[in-house]
Amino acid sequence: MRSVSLVGSTGSIGTQAVEVVRSTPGAYKVVAIGASSSVDLLVEQAISLQPERVAIADSSRAGELRARLPAGIETLAGSEALAEIAKDAEVVVNGVVGFAGLPVTLAALHAGRRLALANKESLIAGGPVVQAARATEGAEIIPVDSEHCAVHQCLRAVLGEKGMAALPNPPFMPLKRIVLTASGGPFRGRTRQSLSEVTVEDALNHPTWRMGPKITVDSSTLMNKGLEVIEAHELFGVPYDRIDIVVHPQSIVHSMVETTDGATLAQLSLPDMRLPIGYALAYPDRLETPFGAIDWSTIGSLEFEPPDADAFPCLDLAYRAGVAGGVAPAWLNGANEVAVAAFLDGTIRWVDIPDVISAALDECPTTVPGTVADVLEADRAARDLAAAAVGRLARTMR
């Protein structure tokens with residue numbers, strides 16, 4: 001029985017991870033769960049899963065949580081609680097949303113654990129620091145993002161287990177390029193001019209996936225795909241000029257790998273995040289429970305088209321930050337979080353999001369973060385610049 005820690009257990013990834021665990025009785029033991037502040041669901045999960053420890057980041061709710069938990073379960077609370085339970089298990093699922101997932105990622109890797117990573121922001125913002133932690137004996141990252149999980153599966157077929165163990169620097173890489181697929185989000189086919197008045201409700205109406213609001217807005221701007229380009233570079237060691245994006249509205253082909261001899265390997269399934277979650281939990285084995293299985297007699301046609309960089313300028317901003325390296329990805333991520341939050345609360349328009357990010361990137365220094373403190377400082381500086389840009393845009397909207 002493999003031990004599992006679910007960090008961000010009450011969110012979309014965490015609740016689906018619980019479903020995967022329940023689908024394979026006797027295979028996994030959840031020894032720790034944790035969330036930011038969702039006491040009700042944490043209690044419900046604790047009663048069902050009977051973990052040894054439950055963590056909550058919001059220390060003001062620790063008393064309420066402790067009083068409602070079954071006897072014998074330890075309660076952890078405060079800013080370091082989620083990172084603490086990332087050391088508890090053989091497999092750590094990081095489903096924390098946003099930059100707050102970085103301490104969890106680092107704690108799991110420094111403890112030599114397998115990290116089932118759904119929190120792309122921590123790898124993007126803290127790339128150099130995370131790579132150093134990744135060198136810890138026993139540490140490994142299995143991506144839970146559907147696209148990167150697809151690439152992982154395709155590369156595994158090309159490289160074998162020995163090559164996969166050496167990522168992001170395998171000894172032999174017969175790889176021409178990685179092709180990440182994008183659904184296109186709710187605004188696929190729209191021109192930039194036609195997007196000037198879209199609402200928050202419009203942006204949150206994703207045609208394929210059901211995700212949290214921040215990630216769904218990122219999907220609508222294609223920033224989510226731009227962040228995934230940086231993530232692919234960090235995960236697999238592939239140069240940016242060999243990572244491409246193609247829009248695939250059916251979301252059946254989750255990504256592809258093209259080899260030097262002209263072959264293309266792809267991973268296909270119906271959209272179901274339980275498949276990549278289960279892949280990360282079971283690796284190098286496979287689950288016996290099928291998630292996302294395709295009925296090929298009904299699937300119809302599969303379409304592919306290039307992304308519209310003019311209508312979705314966040315893509316170019318992500319490539320710009322990735323190629324620049326150093327603290328630039330952290331600046332991109334921090335500025336984007338500020339811009340998306342401002343859009344969600346009605347302070348700026350959807351089309352203003354890339355303008356906020358670009359204003360922050362224009363001031364980005366060419367330094368390389370060597371410590372977590374460096375990453376935190378880059379994130380803080382980028383957020384301050386982005387907040388100033390939001391303020392300027394908000395005044396023009398009045």
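Which residue is the bridge partner of I178 in β10? Keep that one in mind; point 3 has the answer.

1. First, the ground rules. This is a predicted model, in which local features need pLDDT of at least 70 and side-chain atom pairs count only at pLDDT 80 or more, while totals for chains, interfaces and linings use all residues. Residues are numbered from 1 along each chain as its sequence is written, and side-chain values use heavy atoms, with hydrogens and water left out.

2. Start with the open sheet of 7 strands, which has parallel pairing and runs in the order β4-β3-β2-β1-β5-β6-β7. (Strands are DSSP runs of E, at least two residues, and helices are runs of H or I, at least four, numbered from the N terminus; two strands pair if DSSP finds at least two bridges between them.) At the edges sit β4 (74-77) and β7, each pairing on one side only. Ignoring direction, neighbouring strands here are turned by 20° against each other on average.

3. Strands β8 (residues 175-182) and β10 (residues 253-259) run antiparallel and are joined by 5 bridges. Back to the opening question: I178 is partnered by V257.

4. Now follow β10 into β11. These two pair in the antiparallel sense over 5 bridges, with M256 standing opposite A266 in β11. Their hairpin has 4 residues between the strands, and G262 takes a positive phi near 100° there.

5. Next, the second largest pocket, with a volume of about 300 Å³. (A pocket is an open set of points on a 1 Å grid over the protein atoms alone, with protein on both sides within 12 Å along at least five of seven lines; lining residues have an atom within 4 Å of a point. The volume is the space filled by probe spheres set on the points, which are joined across faces, edges and corners.) Of its 17 lining residues, the closest to the centre are A139, E140, M164, A165 and L167. Helix α8 gives the most to this lining, with 4 residues. By class the lining has 12 nonpolar, 2 polar and 3 charged residues.

6. Most residues other than glycine have a negative phi, and most peptide bonds are trans. The bond from L167 to P168 is cis, with omega near 10°, and P168 is in the loop between α8 and β8. Another cis bond goes from Y283 to P284, with omega near 5°; P284 lies in the loop between α12 and α13 (314-324). L222 is not a glycine, yet has a positive phi of about 70°, and its place is in the loop between α10 (213-221) and α11.

7. Last, a helix pair. The axes of α1 (residues 12-23) and α12 (residues 274-282) come within 9 Å and cross at roughly 65°. (Axes are lines fitted to C-alpha atoms, for helices over the stretch in contact, and angles run from 0 to 180 degrees between N-to-C directions.) So α1 is roughly perpendicular to α12, a label that covers 65 to 115 degrees.

Definitions and conventions: On a 1 Å grid over the protein atoms alone, a cavity is a set of points where a 1.4 Å probe fits but cannot get out, and a pocket is an open set with protein on both sides within 12 Å along at least five of seven lines; lining residues have an atom within 4 Å of a point. Ala, Val, Leu, Ile, Met, Phe, Trp, Tyr, Cys and Pro count as nonpolar, Asp, Glu, Lys and Arg as charged, and the others, Gly among them, as polar. Angles under 35 degrees count as roughly parallel, over 145 as roughly antiparallel, 65 to 115 as roughly perpendicular and the rest as oblique.
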